[in-house]
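Subject: Handing over a structure, with notes

Dear colleague,

Please keep it open while you read.

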Amino acid sequence: MFRNQYDSDVTVWSPQGRLHQVEYAMEAVKQGSATVALKSNNHAVLVALKRASSDLSSHQKKILPIDDHVGISIAGLTADARSISRWMRSECMNSRYAHDTPLPVSRLIGDFGNKMQIGTQRYGRRPYGVGLLVAGYDDKGPHIYQTCPSANFYDCRAMAIGARSQAARTYLEKFLEDFKDCELEELVKHGLRALRDTLPNEVDLTNKNVSIAVVGKDTPFTIHDDAGVDPFLAGIEGEERRGQRPAADDAPAAAEPADDAPAAGMDTD
C-alpha cells in the first residue's frame, strides 16, 4: 500500500469510497502474531502465539484478562490493546457495582464497537491498530467475538487473526462441526493444531511462545503460560501437521508483503 492524496486523515474519502487510514489500521492486525479462538457448547478457548522482539527480551503478552467471565487475545499494536483492556475492565467493574451482575459479553462488545467507531469518523483521531478475539461465558453460554479497527465486530463459532492466519482458518473450517461436542481438553488441542499450521515448517510450538486461556461453565477465565501449557502441548506432540507446506511457502505471499514483518517503528506484538 502506498501513500496517496486521500490518506492524510481518517475523515478523507477517496473517489472509490474508501477510508485509507482505516485500511492501514487493518493492515497492522495482519502484522501481529497469530491468535485462534474457538468454542464448544460449554467452553470458549483462546490460543495465541507470542513473539519476542529480540533474543534478549521476554515474549510479549497476547492474552489479557478482563473479568472472571471474559478475556481478550490481541493481534496488532500492543499499546492500543492495553488501553482497550483498561476500558473494558472499567465497564465490567461498573456493571458489578451498579447491578451486582457480570456484564453480558454481547453488551460489552456492542459498547466497544461504538467506542471504536468514533476513531473512524472524527478529525484528529485515528482508528485502533489492533484486532481482538474476545472469549466469554454468560447466561447465554460461551461466546467468541472478533473486532476490527474498522469498528466492525462479528459473533463467531471459531476465528483466527494475525500473520499467516489463513492456514488456521482453513483448519477451523474443516473441523468446525466437531467443536460443538468437544470436551475442554480436546477443544484446546484443536486450537493448538490450528495455531501450529500458521508457523513455518522449521518452527514449532513451545511453552515459551504459546499462551492458552479457557473460560466456560463453572470455569472462570484462566490463562495458562509457561509450564502450564506443557500438558496441552503433550497432547499434540508427534502429530503430523495437517497444514504442512513446502519450504517455498514459508515466505509471505507477494501480494501481502507486510503479513510477517512489522513495519519499522511499529510496536506490533
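The notes that follow begin with the basis of the values and then go from the whole chain to single residues.

This is a predicted model, in which local features need pLDDT of at least 70 and side-chain atom pairs count only at pLDDT 80 or more, while totals for chains, interfaces and linings use all residues. Residues are numbered from 1 along each chain as its sequence is written, and side-chain values use heavy atoms, with hydrogens and water left out.

The protein chain has 6 helices and 10 strands, where helices (H or I, at least four residues) and strands (E, at least two) are DSSP runs numbered from the N terminus. Of the 269 residues in the protein chain, 49% are buried; buried means under 20% relative accessible area, exposed means over 50%, and partly exposed lies in between, with a 1.4 Å probe and protein chains only. Among the contacts in the protein chain with a separation of 6 or more, 66% are between residues 24 or more positions apart, a contact being heavy atoms within 4.5 Å.

An open sheet of 5 strands is ordered β3-β4-β5-β6-β7, with antiparallel pairing; two strands pair if DSSP finds at least two bridges between them. Its edge strands, each pairing on one side only, are β3 (63-67) and β7 (153-156). On average, and with direction ignored, neighbouring strands of this sheet are turned by 25° against each other. Within the sheet, β4 (residues 70-76) and β5 (residues 130-138) pair in the antiparallel sense over 7 bridges, and the bridge partner of Ser-73 in β5 is Leu-133. Helix α2 packs on the sheet, where it touches β3, β4 and β5, and its direction makes about 20° with that of β3.

Helix α2 (residues 78-99) also packs with helix α3 (residues 105-118), at an angle of about 135° and with their axes 11 Å apart. Axes here are lines fitted to C-alpha atoms, for helices over the stretch in contact, and angles run from 0 to 180 degrees between N-to-C directions. At that angle α2 is oblique to α3, since angles under 35 degrees count as roughly parallel, over 145 as roughly antiparallel, 65 to 115 as roughly perpendicular and the rest as oblique. The contact is made by Ile-84, Trp-87, Met-88, Glu-91 and Cys-92 of α2, and by Leu-108, Ile-109, Asp-111, Phe-112 and Lys-115 of α3.

Elsewhere, strand β1 (residues 35-39) and β8 run antiparallel and are joined by 4 bridges, with Met-159 in β8 as the bridge partner of Ala-37. Strand β8 (residues 158-161) is covered on both faces, with Ala-158 and Ala-160 buried on one side and Met-159 and Ile-161 buried on the other.

Ser-95, in helix α2, is buried, with a relative accessible area of 6%, and, leaving aside its neighbours within four places in sequence, it is in contact with Asp-100, Thr-101, Pro-102 and Leu-103. Lys-61, by contrast, lies in the loop between β2 (43-49) and β3 and counts as exposed at 66% relative accessibility. Ser-150 is in the loop between β6 (141-147) and β7, and, with neighbours within four places in sequence again left aside, Ser-150 is in contact with Val-22, Met-26 and Thr-120.

With kind regards
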